[in-house]
Amino acid sequence: MRTPRGKLLLVLAVVVVVAGTGWGVGTLLRSPADEAAARKPPKPSLVTAAVERRKLVATVVVSGTLEYGSPYPVSLAGVVGGSETAQRATRAPRRGTLAEGAVLMEVNGRPVFVFAGTVPMHRSIASGAKGADVKQLQKALRRLGYRVPATGVFDQATITAVSRFYAKRGYEAQQPTLELRQKRDDLRRAVRAAQEVLATERKALDEGKDVLPLKVKFANARQDLKEAEQALKSARAQDHTTEDEAKVEAAESAVRAAEEKLLTAQQELAQATATPTPVPNPSPTAGPTAGPPADTRLLELRVANARADLTAARSALERVLEEAGTARAKRLTELTKNVRVAREAVVTAEQALRQVRQLSPVKLKVANAQSDLVAAQALLAEFSRTYGTTVPPGEVVFLPKLPARLHKSSVKAGELVDKSIATVTSSAFVVSGSVDVAEAERLKTGLNASIETEAGKTVPGTLTSLGGRDAKGAVPVTITPASMKGLKKLAGAPVTVRVTIGATDQEVLVVPAAAVVTAADGKARVQVETAPDQTKEVEVRTGLSADGAVEVTGDLRPGDMVVINSA
């Protein structure tokens with residue numbers, strides 16, 4: 001049985017439920033007039049934006065990838081080692097930094113070295129080779145500390161430096177192969193065989209009946225000439241013959257005897273003339289007195305005869321000397337004539353021998369043997385010129401710039417080396433991307449850029465290259481970071497680059513580009529809101545535009561509301 005309080009609560013609940021239901025139904029039910037009023041468009045209003053004062057920066061956005069720059073495919077210029085057998089990699093290229101003189105890989109156990117240079121390796125460098133590639137190799141060896149002249153000639157000094165370079169890295173410079181050594185031996189045997197044939201044919205020619213007598217005659221003529229020249233030489237060295245010398249000595253002795261006889265006679269005459277003959281005095285107390293002068297006629301006659309004998313002796317000596325000189329001149333003339341005759345005999349004998357040899361049937365064989373010998377010697381000389389230590393074309397790779405980074409290896413150990421072996425890059429990072437043609441026309445190398453990573457890091461950079469249009473109509477661009485710090489871990493990551501193509505020097509008035517309208521007179525204007533739903537036109541001059549905004553000058557102030565469009 002319910003109490004009066006409970007009945008009251010029940011009645012109140014029923015009233016509340018009924019009232020709520022009625023209110024809900026009333027809200028869902030609208031009259032046609034109410035429904036039409038709800039569907040009317042709102043009252044037209046103006047869409048505006050505030051005039052701002054700020055710096056304006058125009059950029060071109062490039063989406064690209066951060067990667068190592070200057071990719072360069074590497075391939076071998078030829079065989080490694082001296083053999084033309086299959087070239088198989090025994091040590092594949094390894095990723096990392098390549099310095100000058102480093103071993104890039106091994107082929108058939110032989111090394112492949114890298115050097116800096118722009119001239120590609122294109123041949124085997126052998127002894128005596130000349131060219132820009134040789135000079136480039138010499139400069140690389142000099143940078144590594146080896147004393148070698150940069151002459152462009154692969155001389156002995158360069159060969160020694162190459163051998164030392166190989167030995168320092170645990171290898172031996174390429175020496176002649178067994179095949180080359182055998183070839184050199186064959187060429188040497190060919191020269192010896194040609195010499196033997198020539199000697200045999202010459203002997204057959206010289207032993208011919210028509211040649212041997214003339215050969216003996218020629219030899220005799222040469223011996224006669226030698227003896228005649230020796231006799232002439234001896235005669236010229238002597239003033240007189242032995243017989244003439246005896247005559248001259250006898251004549252000179254006679255002259256000396258005559259001179260002595262004359263001197264004796266003169267002395268006796270002088271003595272006789274100076275001492276008079278004494279006469280005895282009859283007085284016993286007085287001494288001897290001087291007598292008459294002595295008779296000197298005999299002595300004077302002796303002096304005269306001695307002088308005549310001396311004159312005759314001297315005349316005889318002069319005749320002997322004259323006769324000896326005449327005899328010597330006659331003898332030299334005869335000996336000189338003998339030499340001329342002997343020379344003529346030699347020339348005559350030689351011509352006769354040469355003529356007979358030329359007419360001999362064996363002469364052709366001798367000439368052919370001589371030609372064969374010359375040809376064999378020329379082949380041996382040409383082969384020997386390049387024989388010795390060489391640098392095979394595949395054992396050196398010249399890269400435009402070192403150090404470089406080996407980015408990717410295209411060959412594995414055990415594979416045949418018949419294609420590109422690796423790709424190297426520089427050790428610096430770049431961003432590679434592309435832009436459409438319209439944006440590319442606004443770019444130029446040297447523009448500043450900002451590189452943004454996905455992690456939010458920003459690195460300044462520079463636009464360093466613009467390529468040609470690719471197959472898709474885009475223009476490749478390259479941006480180089482100003483610093484490589486912290487980028488190594490981001491290699492291969494996508495980045496966004498903003499290339500600055502223009503910027504204001506200071507803060508300027510900026511409005512949305514959609515707010516500027518060019519009238520029929522060609523002047524730009526904006527509509528400025530002066531009151532709700534009221535505007536006025538203001539003439540402006542436009543400047544730099546970027547990111548949907550444009551620089552303007554005119555009767556505007558920061559905070560003015562300009563109309564973008566009418567609603």
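E382 counts as partly exposed, at 46% relative accessibility, where partly exposed lies between buried (under 20% relative accessible area) and exposed (over 50%), taken with a 1.4 Å probe and protein chains only. The side chain of E382 meets that of R385 in a salt bridge of 3.4 Å, N to O, the term standing for a side-chain nitrogen of Lys or Arg within 4 Å of a carboxyl oxygen of Asp or Glu. R385 is likewise partly exposed, with a relative accessible area of 41%. Both residues belong to helix α9 (residues 362-385), three residues apart, about one turn of the helix. Helices (H or I, at least four residues) and strands (E, at least two) are DSSP runs numbered from the N terminus.

The model is a predicted one, in which local features need pLDDT of at least 70 and side-chain atom pairs count only at pLDDT 80 or more, while totals for chains, interfaces and linings use all residues. Residues are numbered from 1 along each chain as its sequence is written, and side-chain values use heavy atoms, with hydrogens and water left out.

In total, the structure holds 15 salt bridges. In helix α5 (residues 178-206), D186 and R189 sit three residues apart, about one turn of the helix, and their closest N and O atoms are 2.2 Å apart in a salt bridge. D186 is partly exposed at 41% relative accessible area, and R189 is partly exposed at 45%.

A further salt bridge joins the side chains of R143 and E100 (2.7 Å, N to O). This pair links distant parts of the chain, 43 residues apart: R143 lies in helix α3 (residues 132-143), E100 in the loop between β6 (96-98) and β7 (103-107). Finally, D521, R525 and E537 are linked in a network of salt bridges.
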